[in-house]
Amino acid sequence: MRILICDDSGMARKQAARSLPAGFAEQITFAEHGAMAMEVLAQQTIDLLLLDLTMPVMDGFETLAAIRERQIECGIVVISGDIQPQAREKVMALGALDFIQKPIDTDKLHKTLRDYGFIGDATPASSEATPEPVITTPDTETSPLDSLREVSNIAMGDAAAKLAVLLKTFIQLPIPNVAWLTPAELEMAMGVFQLGGQTVVSQGFVSRGLAGEAILYADRDGVTGLRKLMAALKSEPETNNAPILDAASVLIGAFLSRFGHEVDLTFSKSQPILLGQNVMGSEFVYNSALDDVLLIEIPYEFSELNFGCDLMILLPKVSGKKMLDRVGLLLDGGAG
């Protein structure tokens, strides 16, 4: 069986390869995005494609559409952190056989392969008794930052799914930006507030041996949109600050809850605080960082409602290093 695994995360590609039944794959090819996967599909016959959705260059939706347009015969199973109902409906309409949530449930994957005739009902062979598949594309080394990006991607997708159901809308998901920032780079990142008209909400969080700060910010359109959604949900007036604080609490809480689950941590959160409304120019200066800060940045886009907001998770240097050590353990134990 020739397998193509398409995911921008090296950790996710390796986890997917490890989740296949022993002896199932004769050949495994890795692709980092949809365009690379299309090149592989143009050059050789692939029996099964395991496809992520949120990727650079060409995402999973675009890849599915391209495969259907070119009438390429290939079984496709989507494996994604974006588990919003509309995402599932869309990929199934584009021809996917099934949709599996990240991180991969091995039993679920094997059941899907069995349901669609890729494997039989016999007990899978022992991994010691079967030859290793040929990896035709050398994989790049996976770093702790890559692992943290993948964990953030899973948390983002789970949070978006809950929000999509709660708010009855679809949320366009980007690739999380994960990076170390120097104090100067953090100040530059916060320079978005100098564009004017930004509303900024902060919520602190702590867990075993680490602490951080979540910052949600939105421009006037974003604040108006969030206010309408949350006010309608909770039957509150749109004119006070409660809806925007509620929105921050829901967005930050949903992300940290799933993120903590993935790294086996429980986060205690402070009450969200409105740092400023319609912030202009130098009114807001984030100057608490004296050393490098680990950043996780997620732009949420409510595409059906034409507004968005951004979430920043900031971990001071000591906490950031502890977090990377923690996801490094996932890398060692999960990606092989």
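Q: What makes D219 a cap for the N-terminal end of α8?
A: One of its side-chain oxygens lies 3.2 Å from the backbone nitrogen of D221. A polar contact is a pair of N or O atoms within 3.5 Å; within protein, one must be able to donate a hydrogen and the other to accept it, and residues adjacent in sequence count only if both atoms are side-chain atoms. At 3.2 Å, the pair falls within that limit, so D219 qualifies as the cap.

Before going on, a word on the source. This is a predicted model, where local features need pLDDT of at least 70 and side-chain atom pairs count only at pLDDT 80 or more, while totals for chains, interfaces and linings use all residues. Residues are numbered from 1 along each chain as its sequence is written, and side-chain values use heavy atoms, with hydrogens and water left out.

Q: How do you know that the length of α8 fits a helix?
A: Helices here are DSSP runs (H or I, at least four residues; strands are E, at least two), numbered from the N terminus. The expected span is 1.5 Å times one less than the number of residues. For the 15 residues of α8 (residues 220–234) that gives 21 Å, and the end C-alpha atoms are 21 Å apart, so the two agree.

Q: Why is C309 called buried?
A: Buried means under 20% relative accessible area, exposed means over 50%, and partly exposed is in between (1.4 Å probe, protein chains only). C309 has 1% relative accessibility, so it counts as buried. C74 is buried too, because its relative accessible area is 16%. In α8, the buried residues include L226, L229 and M230.

Q: Why is A42 called exposed?
A: A42 sits in helix α2 (residues 34–43), and its relative accessibility is 66%, so it counts as exposed.

Q: What makes phi worth a look at V57 and Q71?
A: Most residues other than glycine have a negative phi. V57 has a positive phi near 70 degrees, and Q71 has one of about 55 degrees. V57 lies in the loop between β3 and α3 (60–69), Q71 in the loop between α3 and β4 (75–80). V57 is exposed, because its relative accessible area is 64%; for Q71 the value is 68%, so Q71 is exposed as well.

Q: Which peptide bond is cis, from K102 to what?
A: The one to P103, with omega near -10 degrees. P103 is in the loop between β5 (98–101) and α5 (106–115).

Q: What makes the lining of the second largest cavity nonpolar or charged?
A: A cavity is a set of points on a 1 Å grid over the protein atoms alone where a 1.4 Å probe fits but cannot get out, and lining residues have an atom within 4 Å of a point. Ala, Val, Leu, Ile, Met, Phe, Trp, Tyr, Cys and Pro count as nonpolar, Asp, Glu, Lys and Arg as charged, and the others, Gly among them, as polar. This lining has nine nonpolar, no polar and no charged residues, among them F205, F255 and M323. α9 gives the largest share, three residues.

Conventions: On a 1 Å grid over the protein atoms alone, a cavity is a set of points where a 1.4 Å probe fits but cannot get out, and a pocket is an open set with protein on both sides within 12 Å along at least five of seven lines; lining residues have an atom within 4 Å of a point.
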